[in-house]
Amino acid sequence: MNANTALIEALDLPSTLEASAYPYTTIRSNGNHSVLISHTGRYRLFDVLEQIAYLIEDNVISDAQHPTINLLVSVLSNSLLTREIANGALRHSPRQLFVNDLNRTLEIFNNIANSKQFRKQLANLSRMTTRNTVSLQRYLNDLFEIHSRLLIVRVDFHYLKSECNHLSLEQVMKDRDVFIRQVKREHPYLVGMCWKMEYGRDRSYHYHMVFFFNGAKVQQDVTLGKQVGELWLEVTEGAGTYYNCNANKSKYDECYLGQINYDDTDKRAALTHASYLTKVDESIIAVQLNDKARIFGKMSLPKHTSAAGRPRRR
């Protein structure tokens, strides 16, 4: 288990401990040796604790962004068990005193993580989703106030699986910034864009992006999706992959991709599905250990310099 996988699985630790009976670990005799047994079912408790302990001992975690990760780091650090765990105490013949301390530490974590006060901290993540949803809807309405017709293209950007274990958050953010600058430079009729960064256990870091082009100037949305996708391959020097959603519009029941006119109420209603971009992905927050990275962003709106612009119906 690598560090990022452990951080994501740590998000399930509160519910796992809440469903488990105390003590969470016990010593079992195994011939001339004793082994530590976890009573958390299939949950990989020891793998998670070891990886978190490594991060603490290596001073990698300085400002964990997810409340659950921050709490786990705090409780483990205060217990003074991290060095023993990092040195293999969970795997070697454990001392009873160590096991007692470990169980008490997990119980402290469980009590806090399942408290009403801590749940309020987690609720702030939902409020972040609400704020971003309102912001995106306002952004879309503003685009239609400027342009009578938009051409909408969605492309998902990933990395090759062979690259996933070597990716850093810093590199992924750098690739995004370079890519967005290139898209703006090569596509003069791009009038808007929004993006979301996520982290998946299978695909590591990846982006969902929706591009808004001036529909009065360009068509061929599938071609545009391919063009921005190929640009991602260039920026990542072949380490990236992409999925052109516009090439498979038929799979969407309410499709918002392609051309949408200002007065097309059905397609504009379908466009609300783009709000999936604003739903907070807790995994990407969990793997942020130092400082805070942007996980949702929008391109600045173009200035509307002409009063003649979009025809309006009253």
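Colleague: Which residues form one aromatic cluster here?
Modeller: In this predicted model, the cluster is made of Phe157, Tyr159, Phe179, Trp195, Tyr207, Phe211 and Trp232.

Colleague: And how many aromatic pairs does a search of the whole structure find?
Modeller: The search finds eleven. One of them joins Tyr139 and Phe212 edge-to-face, with 6.4 Å centre to centre and 65 degrees between the planes. Tyr139 is in helix α7 and Phe212 in strand β5, so this pair links distant parts of the chain, 73 residues apart.

Colleague: Are Tyr139 and Phe212 buried or exposed?
Modeller: Both are buried.

Colleague: Now helix α7. What should its residues span?
Modeller: Helix α7 has 31 residues, 116-146, so at 1.5 Å a residue it should span 45 Å. Its end C-alpha atoms are 46 Å apart, which agrees. Its buried residues include Phe118, Leu125, Leu136 and Phe144.

Colleague: What sits over the ring of Phe144?
Modeller: That's the charged end of Arg268, 4.1 Å from the ring centre.

Colleague: New topic: how do β1 and β2 run?
Modeller: They run antiparallel, and six bridges join them. For example, Thr26 has Ile37 in β2 as its bridge partner.

Colleague: Which residue in that hairpin takes a positive phi?
Modeller: Gly31 does, near 70 degrees, in a hairpin with two residues between the strands.

Methods. Residues numbered from 1 in each chain as written. Predicted model: local features only at pLDDT ≥ 70, side-chain atom pairs only at ≥ 80, totals over all residues. Heavy atoms only, no water. Helix = DSSP H or I, 4+ residues; strand = E, 2+ residues; numbered from the N terminus. Expected span 1.5 Å × (residues − 1). Buried < 20%, exposed > 50% of the residue type's maximum accessible area, 1.4 Å probe, protein only. Pairing = 2+ DSSP bridges. Phe/Tyr/Trp six-rings, centres within 6.5 Å; stacked < 30°, edge-to-face > 60°. Lys NZ or Arg CZ within 6 Å of the ring centre and 35° of its normal.
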